[in-house]
Amino acid sequence: MKKYAVITMDVEDFYHTYFPEMNVDRSQSLLDGLDVALDIMDKKNIKGSFFVVGEIADMLAEKIKAMDANGHDIACHNWVHLRPVTMGIDKYKEQLIRAKDKLEEILGHKVNGYRAPSFGIDDEHYEAMIDCGFKYDSSKLKPQKSSKYGVLNLNGFKEIFPCIYRRDDFIEFEVSTQKIGDMNMLLGGGYIRMLPWPFMKWMTKKYLKTGQPYVMYIHPIDLSPKPMPRVEGVSFDRYLRTHIGRGDMVKRFSAVIEMLEKEGYEFVTFEQLRKMELER
Ligand SMILES: [Zn+2]
């Protein structure tokens, strides 16, 4: 197998990423970080997979339609940005179908991909998600110390390639992590932004040397040039966490893309990888 890289974004606003359970003033938005990512990717003709939160899909309808027409893969990230494990199965399915239907209505075709908010999914919710008609998922991580992430055993799946699993025609794409001691460090999201860059660069290089598929995930908030809105009642510590490293992230995002190019990685979407696997 060639070396494949998938750039993925969870298309959600700052209040989804950091304050999903709070009633936050939504008049400010950092969704312009999506345009920053698209600009960088378009210049290099890189197509990615974008997981859109259903409740903001109408607001982004024209944009995601254009992205879809341009070869990007538009996928689903729930209707609300809440961890599936916090919802009963019926409620979970209901909001999931609502989100899938909404995206399909906007795009005019089937939406195949899914990722759970905050990777908070377990096997029971996973099976419910497959029942809703999805064809691939990217919610799996290697075991994490934090209990906010769900645990997926993927019963009956076979690892067909490192970090890619299949059961019948359903494919799971694991998000890249690098093992450091007894920790599986995430190579995406806020970690690229918050960890010291020499350390992140070293971990990413180490991972890429294995030639395994590389899956990076980021959020608009990581790339938006706007300041992080202050949210009432949030401690300064938490505010700092959402803010740290944002000034440097465009450079880091571009640097990771350059590292992938240098290592001979080919950029694809999950939907392209899924089709390749099914035709194999
Ligand atoms: Zn998310």
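In this predicted model, the buried residues of helix 2 pack against strand 1 (4–11), strand 2 (49–52), helix 3 (61–69), strand 11 (214–218), helix 8 (220–223) and helix 10 (249–262). Helix 2 itself spans residues 33–43, and its buried residues are Gly33, Leu34, Val36, Ala37, Leu38, Ile40 and Met41. Just after this helix, Asn45 adopts a positive phi of about 55°.

Helix 2 also takes part in a charged contact. The side chains of Asp35 and Lys63 form a salt bridge, with an N to O distance of 2.5 Å. Because Asp35 belongs to helix 2 and Lys63 to helix 3, the pair ties together parts that are 28 residues apart in sequence. Both partners are partly exposed: the relative accessible area is 29% for Asp35 and 30% for Lys63.

In total, the model contains 23 salt bridges. Side chains of opposite charge can pair when their charged atoms come close. One example lies within helix 4 (residues 89–107), where Glu105 and Lys102 are three residues apart, about one turn of the helix. The closest N and O atoms of this salt bridge are 3.5 Å apart. Glu105 is exposed, at 57% relative accessibility, whereas Lys102 is buried, at 13%.

A further salt bridge joins Lys142 and Glu174, whose closest N and O atoms are 2.6 Å apart. This pair links distant parts of the chain, 32 residues apart: Lys142 is in the loop between strand 5 and strand 6 (158–161), and Glu174 is in the loop between strand 8 and strand 9 (177–180). Lys142 is partly exposed, with a relative accessible area of 31%, while Glu174 counts as buried at 2%.

The aromatic residues form 16 pairs. In one of them, the ring centres of Phe173 and Phe270 are 4.5 Å apart and the planes meet at 15°, so the pair is stacked; planes under 30 degrees apart fall into this class. The two residues are 97 positions apart and connect distant parts of the chain, with Phe173 in strand 8 (residues 170–173) and Phe270 in helix 11 (residues 270–279). Elsewhere, Phe14, Tyr15, Tyr18 and Phe19 make up one aromatic cluster. Phe134 has a charged neighbour, as Lys100 lies over the face of its ring at 5.3 Å from the ring centre.

Tyr136 is located in strand 5 (residues 136–137) and is buried, with a relative accessible area of 0%. Its side chain is joined to that of Asp73 by a polar contact of 2.6 Å. By contrast, the C-alpha atoms of Tyr136 and Thr242 are separated by 30 Å, the two residues being 106 positions apart along the chain.

The model also includes a zinc ion, which is coordinated by Glu12 through OE and by His77 and His81 through NE2, at 2.0 to 2.1 Å. Along the chain, these donors follow the spacing E-x64-H-x3-H. Both histidines are buried: His77 has a relative accessible area of 0%, and His81 is at 5% relative accessibility.

Conventions. Residues numbered from 1 in each chain as written. Predicted model: local features only at pLDDT ≥ 70, side-chain atom pairs only at ≥ 80, totals over all residues. Heavy atoms only, no water. Donors = N, O, S within 2.8 Å, 3.2 Å for Na, K, Ca; no water. Buried < 20%, exposed > 50% of the residue type's maximum accessible area, 1.4 Å probe, protein only. Helix = DSSP H or I, 4+ residues; strand = E, 2+ residues; numbered from the N terminus. Contact = heavy atoms within 4.5 Å. Phe/Tyr/Trp six-rings, centres within 6.5 Å; stacked < 30°, edge-to-face > 60°. Lys NZ or Arg CZ within 6 Å of the ring centre and 35° of its normal. Polar contact = N/O pair within 3.5 Å; in protein donor to acceptor, adjacent residues only side chain to side chain. Salt bridge = Lys/Arg side-chain N within 4 Å of Asp/Glu carboxyl O.
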